[in-house]
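Welcome, and please open your viewer. This tour tells you what to select at each stop and what you will find there.

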Amino acid sequence: MPIIRFVASIANVLSPLSHAGRCHMASRDITTQSAESERALLYTVWAGVLAVLFMPLIVTSSTLFPFIVGKALFARSLIEVTAAVWLMLIFAYPRYRPARSWVLAAFGVWVVISLLAGFAGVSLVRSLWSTYERMQGIVDLAHWLAFVVIASTIFRSFNDWKLFFSVNLGVCTLVSVLGIGAHFDLWESNLIGSSTRIQSTLGNPTYVGAYTMVNLMIALGMAFHTWYTRRESEPRSVVRRRRRRASQRPEGASEWQIWLHTFWITSAGVNLWALWLTGTRGAYVGMVACAITFAGIYLMWGAPDVLKKASYAIVGVSAAGIIFFGLARSTTALDPLVDASFTLRRVTQVSLTDASIKGRFTAASAGLRAYRDKPILGWGPENYLIAWGRYFDLDSGVTERFDQAHNKLVEELTTKGTFGLAAYLWVWGAMCWVIVRSVRRREPADRIIIAFVSAALVGFFAQNMFLFDSPVTSLQFAVMVAFVAGEEMWLRRSDSGQEETDTGQDRQPSGFMSFDSTIARSIANRLHTPIGGIVGAVVLAAVVSASLVFFNVRQFTAATAVVQTSDPQISWADRFSFFEESIGDFPGLANYPRLLLMSQVTNNIGTLNVDELNAALELIEREGAEALKAEPESWRIHLSLARFYQLISQVDPSSLETARQHIDEGVRLAPKTLDADATRREQERLEAAR
């Protein structure tokens with residue numbers, strides 16, 4: 001929409017068009033202006049929400065972790081700006097305010113308990129901001145809550161949701177095409193991850209697997225929904241009327257439907273191909289769960305038609321797949337077929353002795369033991385590494401370090417305690433309750449989409465028992481939660497007889513966003529004046545601008561500055577300057593640059609002259625102390641400092657005592673990790689040679 005029209009619409013919103021005032025204004029011009037203002041705001045919010053769906057395509061080669069950092073900051077920035085416009089929309093037009101919703105309430109409680117767990121945990125800073133490698137944390141979760149609330153209120157019909165899902169599917173299909181092309185060497189780019197398993201713009205096959213699995217189910221849902229709608233059996237009189245209406249439509253309308261149907265079917269095939277090439281076993285388990293869930297839902301509540309018969313076939317195919325898996329593991333007859341496919345080899349060779357499976361069991365076991373120490377609110381979101389280090393045993397033979405549990409339930413239980421897990425399960429329980437009610441109330445054709453989205457949710461839950469979240473998978477979860485929350489609001493409107501109409505009347509919702517109190521009405525009346533509206537808009541714009549600059553932009557510049565330290569051509573003085581710039585730009589994520597500083601100096605200490613060594617010592621002493629303030633129980637920081645002081649002891653023997661202090665603390669915090677064992681052995685060697 002042109003910017004002039006948008007600015008004009010904002011001016012209209014800021015004018016004193018209160019509900020009571022509009023009821024008494026009969027001027028056609030004012031009514032037209034109000035309608036244009038509403039459309040301008042609504043379409044802007046739509047554009048913002050749909051733009052977030054393009055996040056998987058973002059790759060920032062100039063930052064740390066280019067497949068993660070840019071995606072998270074892109075999504076957060078768009079959500080913040082969109083939320084500001086949405087607040088203006090719901091203030092001026094109450095019908096867009098959220099109705100009471102158990103799904104939204106559960107999600108909100110989950111965020112609140114996460115925050116409480118952060119305060120009760122071992123590092124609030126890490127709980128809030130996570131790390132550059134993950135970009136999760138409480139702040140990120142709060143953004144996804146805002147996304148869910150906004151999307152669930154502005155997409156109000158199945159046609160709206162089909163647009164929403166189609167954009168999401170289109171982006172996923174493009175990601176799949178890029179990954180498939182790179183896999184077959186059709187193109188090469190540093191913006192596309194490459195390995196035996198496709199990574200595309202996500203940088204990790206497991207993320208691609210979860211992403212394509214969800215969108216495969218949604219593509220099938222929309223395709224079958226269209227197919228069912230066109231062939232649904234009706235009385236002949238109804239069919240004749242439909243055919244007459246169809247003959248009166250422009251020819252482009254039917255062609256457009258054909259193109260959409262072709263797009264959905266093609267996207268399903270492309271995403272299935274990409275899913276296969278990821279070799280992600282967790283996603284394959286999720287697909288089996290998807291198939292069984294859809295078949296179960298449709299067998300219980302679906303119409304007795306061809307698709308219901310297909311549900312029996314789905315169950316049969318799933319059973320055949322399980323039998324094939326068993327035969328491939330127990331007999332050599334299928335070896336030629338298995339050996340011809342990397343994916344089949346990867347799936348059939350899975351066992352409890354597999355390094356990946358063994359590592360996950362070890363990580364989950366450590367997390368569950370750590371849960372017993374902090375059973376109420378846990379160790380704090382994103383602090384799983386601290387809990388894992390406390391109970392990991394190097395005698396297990398696992399050499400991988402786990403900063404995530406690779407199991408969502410264990411992750412929630414360890415980092416957020418009993419209350420955190422209960423809140424997370426409440427979100428799922430609320431969605432199940434809504435889905436059961438919705439699938440019973442919707443028309444047979446609409447049940448198809450609900451069944452497929454429900455299957456995608458179950459598949460997502462199943463694959464998360466083996467993996468962990470990323471910005472892209474968090475987006476897909478938010479997309480599905482928003483749809484279910486929207487269905488709950490539809491159910492409430494249906495129950496109260498307030499079906500969506502095009503009358504343009506601003507109905508005051510009965511939800512938690514209604515202005516019922518005296519204070520709220522007083523504030524609303526003041527904001528409905530021209531001056532009050534302008535002041536409110538300026539304050540809102542200032543808050544959003546400050547958030548963008550001080551949080552998102554500064555995170556980006558910090559992540560960009562630290563990348564410069566890897567340039568071998570720069571001097572150590574410049575390198576130290578880049579580290580200080582990164583740390584100063586965003587202290588909330590500064591511990592990664594601090595650890596990188598310690599690592600670079602330790603690994604290259606022999607190349608430093610006296611002045612450079614003194615500068616390094618001063619910088620590491622200062623930043624090491626700040627790092628421990630932010631994460632006082634971080635055994636990695638203690639052990640990194642210990643290794644640094646061990647090397648410095650060759651020049652300054654008194655530093656060996658400082659190294660001993662850090663080792664003792666590191667061993668206390670992570671007694672049986674490989675890092676603690678190696679550093680302790682080196683300390684004993686140095687002390688013996690002293």
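A charge sits over a ring if NZ of Lys or CZ of Arg is within 6 Å of the ring centre and within 35 degrees of the ring normal. With that in mind, select R575 and W572: R575 lies over the face of W572, 4.5 Å from the ring centre. Then select R442 and W490, where R442 lies over the ring face at 3.6 Å from its centre.

A word on what you are viewing: this is a predicted model, in which local features need pLDDT of at least 70 and side-chain atom pairs count only at pLDDT 80 or more, while totals for chains, interfaces and linings use all residues. Residues are numbered from 1 along each chain as its sequence is written, and side-chain values use heavy atoms, with hydrogens and water left out.

**Next stop: W144**

Select W144 in helix α7 (residues 137–154); helices here are DSSP runs of H or I with at least four residues, numbered from the N terminus. Is W144 buried or exposed? Its relative accessibility is 4%, so W144 counts as buried (buried means under 20% relative accessible area, exposed over 50%, partly exposed in between, with a 1.4 Å probe and protein chains only).

Now show what surrounds W144. Leaving aside residues up to four places away in sequence, W144 touches V52, M55, A75, I79, F107, P471, S474, L475 and A478 (contact means heavy atoms within 4.5 Å). L475 is 331 residues away along the chain, yet the C-alpha atoms of W144 and L475 are separated by 7.4 Å.

**Next stop: the aromatic rings**

The whole structure holds 33 aromatic pairs. Rings of Phe, Tyr and Trp (its six-membered ring) pair if their centres lie within 6.5 Å; planes under 30 degrees apart count as stacked, over 60 as edge-to-face and the rest as tilted.

Select F107 and F477, a tilted pair with 6.5 Å between centres and 40° between planes. F107 lies in helix α5 (residues 102–120) and F477 in helix α20 (residues 471–495), so this pair ties together parts 370 residues apart in sequence. Both F107 and F477 are buried.

Move on to F158 and F483: their ring centres are 6.3 Å apart and their planes at 75°, so the pair is edge-to-face. F158 belongs to helix α8 (residues 158–183) and F483 to helix α20, 325 residues apart. Both F158 and F483 are buried.

To finish, select W46, W144, F147, F155, F158, W161, F164, F165 and F483, which ring pairs link into a cluster.

Terms used:
Helix = DSSP H or I, 4+ residues; strand = E, 2+ residues; numbered from the N terminus.
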